[in-house]
Every structure is written in C-alpha cells, then in structure tokens.
Amino acid sequence: VHSMMDDVERVLISTEELKQRIADMGKQISQDYAGKEILMIGVLRGAVIFMADLARAIDIPVAIDFMAVSSYGAGTSSSGVVRILKDLDETVEGKHILVVEDIIDSGLTLNYLLDNIKSRKPASLRMCTLLNKPERRKVNVHIDYNGFTIPDHFVVGYGLDYAEKYRNLPFIGILKPAVYEP
Ligand code: PRP
Ligand code: MN
Ligand code: MG
C-alpha cells in the first residue's frame, strides 16, 4: 500500500518540535497583546492547520477569519500574481490584526495582503508565520513572529501542500524530488 511517507525524503521539523515552538509563540503573543483582543486572519489554505494550533496556544480572546488569495498555477514556486479569491467576513477597522501564514517564500503574497489590510485602518497589524524561507525572498517583508527559518527545500505537511497533497502530514517533511520532477 502506498503511504504519504513513501514520498517524504526526511522529516525536517517533527511533530514534537512544532508543538513546542507553537506553544512558545502562543505565550509570546498572549503577553504582547495582554488586555487586548486579536482578530486572526488566516491565509487559505496552507495556514489552516498552524492557525488552529496557534489559536489554542493563546490565552486571550481570539476571533478568526480567513482570506483566500492565489498566485496562479499549481507548481512549486509562486508566480507573483496575487488576486483575492475570498475576502474577509469581519471588518478590520480599529481591530488588532494578526495575519497568519504557513510559509513566507518570495514574500509576494504577504506583501500584497499587508498593504490590502493596512488600507482598512486596523488598530494594529502584525504577522505570524510558521516557516520562513529567506533565500527565496523577492520583496522585503517584516515578520513579527517566526516559527522556524528553513533552507530552500521543497517542504510539505502541517498545512503545506504539493498539488494539494500532503497537507495532513503531522510534521514538516522534505519531499523526494522524484515526486515533483517529471
Ligand atoms: C503558499 C503558502 C503561502 C505562499 C507563500 O500558498 O501557503 O501562502 O504560497 O509564498 P510567497 O511568499 O512566495 O508568496 P499557495 O499559493 O501555495 O496556496 P495554498 O496556501 O492554498 O497552498
Ligand atoms: Mn498559502
Ligand atoms: Mg500551496
């Protein structure tokens, strides 16, 4: 029987490491926003799993909403073209906004999103990412909370996909090149 594990070269960040780091991030965010409420904006779909765990590691009130944006194509790199597929249901004005991403790669998605949200006059605007891949940055973006800085490997799991697969792996793994090479 074919298992998702057969497509994984190796585990980069284990379930236990994720759990520990997210607990720490949650504590830090709870301290930084003490006495406030947060509106967490998750970027569909990759951020969903991280966001669910992060929200539960925070002990102040957290409202959640989602945006879906897309760069075209299903390949392994972002095209740089960003469009909104699903906008927020909540209003942003006067709220403390925390944008949650699974990974910052070129930075193009986040750069676009932060500008877009800023124009809606939040009380404050910060961002949080589980993974940061600085080697592939095309635009400079400020990251307020970063889980792990990783080298330029093609990673999947814990929300991150290749062609919509592997999001449900409970760790961050490096995909075997044979999976995405023709
Ligand atoms: C991925 C990832 C980030 C973005 C990062 O999303 O989840 O949202 O790309 O890349 P960037 O820094 O180069 O913009 P993707 O477009 O693959 O959609 P998905 O979250 O639904 O997988
Ligand atoms: Mn994404
Ligand atoms: Mg993707």
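This is a predicted model: local features need pLDDT of at least 70, side-chain atom pairs count only at pLDDT 80 or more; totals for chains, interfaces and linings use all residues.
Two residues are said to be in contact when heavy atoms of theirs lie within 4.5 Å. Helix α2 spans residues 48-56, and among its residues F50, M51 and L54 are buried. These three lie on the same side of α2, because the arc that they cover around the axis is only 95°.

What, then, covers the buried residues of α2? The cover includes the helix α1 (15-32) together with β2 (38-44), β3 (62-70), β5 and β6 (124-132).

H96 belongs to strand β5, which comprises residues 96-104. Its relative accessibility is 19%, and because a residue is called buried under 20%, H96 counts as buried. The side chain of H96 also makes a polar contact with the side chain of S124, at 2.7 Å. When residues up to four places away in sequence are not counted, H96 touches Y33, K36, E37, I38, L39, A123 and S124.

S70 is found in strand β3, and its relative accessible area of 16% is the reason why it is classed as buried. If neighbours within four places in sequence are left aside, the residues in contact with S70 are V81, V82, R83 and L85.

I60 lies in the loop between α2 and β3, and this loop residue is buried, with a relative accessible area of 14%. Although I60 and E37 are 23 residues apart along the chain, their C-alpha atoms are separated by 6.6 Å. Not counting residues up to four places away in sequence, I60 touches S30, Y33, K36 and I38.

## The surroundings of ligand 1

How many residues surround ligand 1, and which are the closest? There are 16 residues around the ligand, and the closest are E101, D102, D105, S106 and T109. By kind, the residues of this shell divide into four nonpolar, six polar and six charged. Strand β5 gives the most to the shell, with four residues.

Several distances describe how oxygen atoms of ligand 1 are placed beside the protein. An oxygen atom of the ligand is 2.8 Å from a polar backbone atom of D105, and an oxygen atom of the ligand is 2.5 Å from an N or O atom in the side chain of S106. For R167, an N or O atom in the side chain is 3.1 Å from an oxygen atom of ligand 1. Taken alone, ligand 1 exposes 500 Å², and the protein buries 84% of that area. The elements that give two or more residues to the shell around ligand 1 are β5 and α3 (108-118).

## Features of the backbone

Some details concern the backbone itself. The peptide bond that leads from L44 to R45 is cis, with omega near -5°, and R45 lies in the loop between β2 and α2.

K121 has a phi near 60°, which is a positive value in a residue other than glycine. The place of K121 is in the loop between α3 and β6, and with 56% relative accessibility this residue counts as exposed. A163 is not a glycine, yet it has a positive phi of about 50°. A163 lies in the loop between β8 (155-156) and β9 (172-175), where it is partly exposed, with a relative accessible area of 45%.

Methods. Residues are numbered from 1 along each chain as its sequence is written. Chains are lettered from A and ligands numbered from 1 in the order in which they are written. Side-chain values use heavy atoms; hydrogens and water are left out. Buried means under 20% relative accessible area, exposed over 50%, partly exposed in between (1.4 Å probe, protein chains only). A polar contact is a pair of N or O atoms within 3.5 Å; within protein, one must be able to donate a hydrogen and the other to accept it, and residues adjacent in sequence count only if both atoms are side-chain atoms. A residue is near a molecule or strand if one of its heavy atoms lies within 4 Å of it. Accessible areas come from the Shrake-Rupley method with a 1.4 Å probe; for residues, only the protein chains shown count as cover. Ala, Val, Leu, Ile, Met, Phe, Trp, Tyr, Cys and Pro count as nonpolar, Asp, Glu, Lys and Arg as charged, and the others, Gly among them, as polar. The arc is that of the directions from the helix axis to the C-beta atoms.
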